[in-house]
Each structure stands twice: as C-alpha cells, then as structure tokens.
Amino acid sequence: MRVFAGTKGQEGTGNGRFKDPMGIAVYADQVFVCDRGNSRVQVFDNNGTYLRQFGTPGKGNGQFEGPTSIIFDAFGHVLVTDTTTRLQVFTNEGHHVCTRDYSEFGMPVSWDGPPECSWGPNGEFALCKDGRTYLWLSQ
C-alpha cells in the first residue's frame with residue numbers, strides 16, 4: 001500500500017472526484033472510499049488509479065443517502081453505513097447482498113447522524129455513536 005500524503009484530489013462528480021469523502025478501507029490492494037456527497041463508494045488500486053464505483057443516490061437496496069463508514073468482514077464483504085438508519089452489505093465487487101436497519105440490532109434510530117462501524121476484539125461487528133456501542137455478529 002502506498003501512502004499519498006499531501007496529494008490533493010479534486011471536488012466533483014466524475015470518476016475519482018469527491019464531494020465530502022468520509023470512510024476509507026483497504027482490501028486486497030484496493031482502496032474503498034465513501035464519497036458521501038455523491039452517495040457512492042469509489043474503488044482505487046494501490047497506485048490511486050480509479051477502478052470502479054458502486055451505489056447511487058436513493059433509499060433503495062444498493063443506494064445511499066451519504067455513505068459514511070466502511071469496513072470488510074472476514075469473507076471480503078463490504079459493510080457500509082450511511083446517514084440513514086441502514087447498514088448495507090456488498091460483495092467486494094460492489095454487488096448488493098443485504099440491507100439491515102439499525103433497529104434490528106436494538107439500536108436507537110433517532111441519533112443525530114450516522115454511526116461509525118468497526119470490529120470488536122473478538123470479531124464482533126461494532127456500531128458506535130454518542131458514546132454507546134452496539135455489537136452485531138457478522139456471520
């Protein structure tokens with residue numbers, strides 16, 4: 001993995017351009033970036049070359065209202081939160097697998113903004129917000 005410290009990207013809607021980039025994750029020498037303002041996830045190789053994107057604006061499966069946090073499970077699935085009350089799961093090629101609502105995990109849905117996602121010490125999928133942590137076991 002190469003680090004591009006100080007490299008300035010350009011704002012916009014085209015491939016490789018961003019509007020309010022948020023979460024970032026690396027999988028198999030590919031860099032996945034939540035492009036919140038364009039409601040998509042963009043994927044780059046380890047040299048920073050644009051490869052593909054997935055997601056479109058909206059509320060349906062495979063659509064985002066501002067993706068914010070992204071991680072991978074042990075099987076290479078992409079888990080993405082957005083500014084709604086949803087967690088969406090995709091293949092690493094960007095094909096939608098399933099959508100889960102935070103309320104399914106016993107989480108409040110009235111948060112001010114989306115949660116962040118990460119992995120717990122025992123492999124639990126963690127959603128955190130406002131000093132609270134809720135765990136969902138990714139299977």
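Q: Does Phe-72 count as buried or exposed, and at what relative accessibility?
A: Happy to start there, keeping in mind that this is a predicted model. Buried means under 20% relative accessible area. Phe-72 falls under that cut-off, so the residue counts as buried, at a relative accessibility of 11%.

Q: How are the rings of Phe-32 and Phe-72 arranged?
A: Their centres lie 4.8 Å apart, with the planes at 75°. Planes over 60 degrees apart count as edge-to-face. The angle of 75° therefore makes the pair edge-to-face.

Q: How many residues apart are Phe-32 and Phe-72?
A: Phe-32 sits in strand β2 (residues 30-35), while Phe-72 belongs to strand β7. The pair links distant parts of the chain, and the separation is 40 residues.

Q: What arrangement do the rings of Tyr-27 and Phe-72 have?
A: A search of the whole structure gives six aromatic pairs. In the pair of Tyr-27 and Phe-72, the ring centres are 4.8 Å apart and the planes are at 20°. Planes under 30 degrees apart count as stacked. With its angle of 20°, this pair is therefore stacked.

Q: What is the relative accessible area of Cys-34?
A: The structure holds zero disulfides. Cys-98 is partly exposed, with a relative accessible area of 26%. Cys-34, by contrast, is buried, and its relative accessible area is 0%.

Conventions: Residues numbered from 1 in each chain as written. Predicted model: local features only at pLDDT ≥ 70, side-chain atom pairs only at ≥ 80, totals over all residues. Heavy atoms only, no water. Phe/Tyr/Trp six-rings, centres within 6.5 Å; stacked < 30°, edge-to-face > 60°. Buried < 20%, exposed > 50% of the residue type's maximum accessible area, 1.4 Å probe, protein only. Helix = DSSP H or I, 4+ residues; strand = E, 2+ residues; numbered from the N terminus. Disulfide = S-S within 2.5 Å.
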